[in-house]
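Work through the two exercises below with the sequence and the coordinates at hand. Each task is followed by a stepwise solution.

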Amino acid sequence: VQLQASGGGLVQPGDSLRLSCAASGLFFNSHFWGWFRQAPGKERDLVAVVSYNGRNTDYADLVRGRFTISMDNAKNTVYLQMNSLKPEDTAVYYCAARRRSSIFMPLPRNANEFDYWGQGTQVTVSS
């Protein structure tokens, strides 16, 4: 299994970025997908999560209304569209996948619930 995150960079406050996470080696639609971020000296926190079928999403309060998680099944890729970026959004962003092991599963929200992780991509928001 490989998750390849990309799209990070240095931007100014108010700018937008789109992160991508290309997955291989697993059944894309049998997994929940999440984006986490970790700033220096802080814990890895959930940013956004989407269900295996794309129907359900959830966001951290700090990004709700500014960030959007989406899936492209044809490309086995998960995206995180980030708008109105703020300096406090600066962090390493990680994508993660959790296997759907039963029919009725809630959206995973804790890092320890996820099975696979990408390598991280740096997002820096600074003027």
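For charges, Lys and Arg count as positive and Asp and Glu as negative, while His and the chain ends are not counted; a charge is placed at NZ of Lys, CZ of Arg, CG of Asp or CD of Glu. The model is predicted, so local features need pLDDT of at least 70, side-chain atom pairs count only at pLDDT 80 or more, and totals for chains, interfaces and linings use all residues. Residues are numbered from 1 along each chain as its sequence is written, and side-chain values use heavy atoms, with hydrogens and water left out.

**Exercise 1.** Describe the charges and the fold of the protein.

Step 1. The mean positions of the 13 positive and 10 negative charges are 5 Å apart.

Step 2. The protein has 0 helices and 11 strands (DSSP runs numbered from the N terminus: H or I of at least four residues, E of at least two).

Step 3. Its radius of gyration, taken over C-alpha atoms, is 14 Å, close to the 14 Å of the globule rule for 127 residues, so the protein is as compact as a globular protein of that length. The rule is 2.2 Å times the number of residues to the power 0.38.

**Exercise 2.** Is R66 buried or exposed, and what does its side chain contact?

Step 1. Locate R66: the loop between strand 6 (57-59) and strand 7 (67-72).

Step 2. R66 has a relative accessible area of 12%, so R66 is buried (under 20%; exposed is over 50%, partly exposed in between; 1.4 Å probe, protein chains only).

Step 3. Leaving aside neighbours within four places in sequence, R66 is in contact (heavy atoms within 4.5 Å) with Q81, M82, N83, S84, L85, K86 and D89.

Step 4. The side chain of R66 makes a polar contact with the side chain of D89 at 2.8 Å. Such a contact is a pair of N or O atoms within 3.5 Å; within protein, one must be able to donate a hydrogen and the other to accept it, and residues adjacent in sequence count only if both atoms are side-chain atoms.
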